[in-house]
Every structure is written in C-alpha cells, then in structure tokens.
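Here is a walk through one chain, from its overall build down to single residues. Keep the viewer open while you read.

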Amino acid sequence: MIVIENLVKRYKDVTALQGLNLEVKPGQIYGFLGPNGAGKSTTILSTLGLIFPQQGRIQLFDLEVFRDGKYDEGKLVEAKRRIGYMPEHATLWDFLTPVQTLDIIADAFKIPKGEKEKRIRELIELVGLEDAKDRKVGKFSKGMRQRLLLAQALINDPDLLILDEPMNGLDPMGIAEFKDIIREQKKAGKTVFFSSHILAHVEEVCDTVGVIVKGRLVLEGSLEKIKEEFLKKAGYVIIIETNKPVDLSNAPWNVSPLGENKYRITASSDVREDVHDFITSKGAKILSMQVKEPSLEEIFLKVVE
Ligand SMILES: Nc1ncnc2c1ncn2[C@@H]1O[C@H](COP(=O)(O)OP(=O)(O)OP(=O)(O)O)[C@@H](O)[C@H]1O
Ligand SMILES: [Mg+2]
C-alpha cells in the first residue's frame, strides 16, 4: 500500500530522513511512532509529494510516485484521489461552518451534488460534530478542529488514510471514538497509516507499529512481536509465590526475594516449567506464577535510547 525505500530528506543543515525503509500492507492499521523531531511529518509529507526528498523510492498502491529524486506528477495525482490526509498543522477556514468546509472539499473531489449532502451529513455524525455543524470553525476547540479534519480526510471515501498526529488535542472520550472510527475503516477494507509520539494512541488499535528515531526505522512489527523480541533481549521476569520459604540459592536463574514467600526470577527464556519442577523438587508448592509483561512504554524508551 505504501512502500518507502531508502528515503533521504535533507533540509538545509538537517538530515531528517537517513535512508528510511518502511512498508504498510493493505488492510493494516499502522502506527508510526517516534519522538519529537524523529522525521514522522517529513515522511508523511514526502509520501504525498508535499516536500522534495533527495533520494529513494516511494510507491503508493501499485504506483511508483517517486524515484531518482523526482515525483511522477501524474501517478501522484492518481494515488491522491484514493488517499485521505489529515495534516499535523492544518489551517481551516475560520469563517466557515463544518458543513460549508466539507462542501468545498467535496467539490474539490468532484463528488456529485446528490451524493454530497448525504456524505457530509454522515461524516459530521461520524465525528460527533452534529451540535456544532452550523457554527463557525474559528471558535472551535482543538479537539473539535481535529474532528473536522478527520471528516475532511474521509470525504472521498479513501482506500488509504494518512494521518499526522490525529489524536493530538483529543480528550480521552475523543481518543476512544477516534479509535472506533479507525477500526470501522479497517472493517471496511481500508488501510490506515497514522503517526504519533504517544504510545497510548497506538495501543489497542494498531496491528503494526513502526518506530522511527532520527530518520531511521528502528523497529517494526506487531505489538506482540515487538514485546516478544524485547523479552528475549531484556530477559523474562517471572514472579512466583510459594506456600513456604524455599532455598533458591542454587537455582540456575537470577533470583531476588520480593517479600514473604515471593520471588522474582529473571531468565533469558520462558522457564516457567523449569521453575515449577525446581520448586516441587524442593518439596514446596507454587501458589501463583506470572510473567511480567514489559509495558510498551519501557520498550519505547529503551529503543529510543
Ligand atoms: N522545513 C524545515 N526546515 C528545516 N528543518 C526542518 C523542517 N521541517 C522539519 N525539519 C527538521 O527535520 C527533523 C524532522 O522533523 P519532523 O517534523 O519530520 O519530525 P516529527 O517526527 O514529525 O516531529 P513531531 O513529533 O514534533 O511532529 C527535525 O530535526 C526538524 O527540525
Ligand atoms: Mg510531526
């Protein structure tokens, strides 16, 4: 759906993308994570032909839109007809209402008159702006503006949604609603690529996450896979509780006591069965055993380090 190969983008004295490789497959909800200044917006602007990278290749759908330092304008326009885009810093016309705003965007996409009104009504309902639909956008809160921007990104019923920090400024309710809308898009067979620097935004909604740091993709995969790989590297932490004190001084793992009959075991792999056998061989019983999952936060911080 989106293939980016070896993309290099230099602003005057800053190299924002240093040979970025990334692939978004059809039907995925892809969370593009990275700290401030990592190159997320630069990547998104490049895929849409809104800035000029120096090197690399970009493919959207089956169209090669950028290669050898040049965009193919024809292919770019063809691709963009099927894309919905929500910019990070968008200007809305403050003196227009949401209905008037969407009407103009719909005209730009040449949506027939008969279809247009229905579509605008549905989108305003979808993003929860019914009560404000005839109020001027200039007085809108940040979250309301984000909702309107999402509606305008959806106006052409796009196959691919590219959203730059779409959840910024939304309250927890707004974030939950936004995630629902994204899930609905996936159900309808669409692909979603969105950036964020906040982990909670990608959790529960993305099937794939890519982490960009200093213009390079440093991690990519499903959240489960990322956690699994992290566990392999950082070690499994297993917490057990036994029915009585056990001498674990000659156990083959790193053990530290955690209070009465409670122990923390660190091992390089999932050793739950071995732990069970070991404790039993000491004539004790395990009352509870749990593998401590790393939080995404921990992984992210480690990777960014
Ligand atoms: N127009 C520009 N001119 C010069 N440098 C720029 C320009 N736009 C971005 N940069 C630099 O490129 C790097 C990547 O910026 P980019 O906006 O892509 O990051 P980002 O990941 O979107 O960050 P944020 O989370 O803050 O939105 C940063 O060092 C930034 O200062
Ligand atoms: Mg940005």
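A word on domains before anything else: the domain bounds used here come from an automatic or database domain assignment. By that assignment, the chain splits into domain 1 (2-221) and domain 2 (229-304). Bear in mind throughout that this is a predicted model.

**Overall build**

How far apart do the centres of domain 1 and domain 2 sit? Taken over C-alpha atoms, the separation is 43 Å. The two do touch: eight residues from domain 1 and five residues from domain 2 make up the contact. On the domain 1 side, β10 and β11 (216-221) each put in at least two residues. That side of domain 1 has seven nonpolar residues, one charged residue and no polar ones.

Now the whole chain. The secondary structure comes to ten helices and 15 strands. Along the principal axes, the C-alpha atoms fill a box of roughly 80 × 50 × 35 Å. The radius of gyration is 24 Å, whereas a compact globule of 305 residues would come in near 19 Å. Buried residues account for 31% of the 305 residues. As for contacts between residues at least 6 apart in sequence, 66% of them join residues at least 24 apart.

**Around the ligand**

Next, have a look at ligand 1. Its shell holds 13 residues, and the closest are Y11, A16, K40, S41 and T42. Which element gives the largest share of that shell? Helix α1 (residues 40-47) does, with three residues. Sorted by class, the shell has seven polar, four nonpolar and two charged residues.

Helix α5 (residues 142-154) has 13 residues, which at 1.5 Å a residue should span 18 Å; its end C-alpha atoms are 19 Å apart, so the two agree. Is α5 enclosed or open to the outside? Ten of its 13 residues are buried, so this helix is largely enclosed by the rest of the structure. The buried ones are M144, Q146, R147, L148, L149, L150, A151, Q152, A153 and L154. The cover over them includes β7 (83-86), α3 (98-108), α4 (113-126) and β8.

Helix α8 (residues 223-234) gets the same check. Twelve residues at 1.5 Å each should span 16 Å, and the end C-alpha atoms are 16 Å apart, which agrees. Just past α8 comes G235, with a positive phi of about 100 degrees.

L20 is found in strand β2 (residues 15-24), and V209 in strand β10. L20 counts as buried because 24 other C-beta atoms lie within 10 Å, and the cut-off for buried is 20 or more. V209 is buried too, with 24 other C-beta atoms within 10 Å.

For V209, they are G31, L33, V202, L223 and I226.

L20 and N6 are 14 residues apart in sequence, and 4.9 Å apart in space. V209 and F194 are 15 residues apart in sequence, and 9.8 Å apart in space.

**Two glutamates with positive phi**

Phi is positive at E165 although the residue is not a glycine, and E204 is another non-glycine with a positive value. Here they are side by side:

How values were computed: Residues are numbered from 1 along each chain as its sequence is written. Chains are lettered from A and ligands numbered from 1 in the order in which they are written. This is a predicted model: local features need pLDDT of at least 70, side-chain atom pairs count only at pLDDT 80 or more; totals for chains, interfaces and linings use all residues. A residue is near a molecule or strand if its C-beta atom, placed from the backbone, lies within 6 Å of it. Helices (H or I, at least four residues) and strands (E, at least two) are DSSP runs, numbered from the N terminus. Ala, Val, Leu, Ile, Met, Phe, Trp, Tyr, Cys and Pro count as nonpolar, Asp, Glu, Lys and Arg as charged, and the others, Gly among them, as polar. The radius of gyration is taken over C-alpha atoms; the globule rule is 2.2 Å times the number of residues to the power 0.38. A residue is buried if 20 or more other C-beta atoms lie within 10 Å of its own, exposed if 12 or fewer, and partly exposed in between; C-beta atoms are placed from the backbone. Two residues are in contact if their C-beta atoms, placed from the backbone, lie within 7 Å. The expected span of a helix is 1.5 Å times one less than its number of residues. Lists of a residue's contacts leave out its neighbours within four places in sequence.
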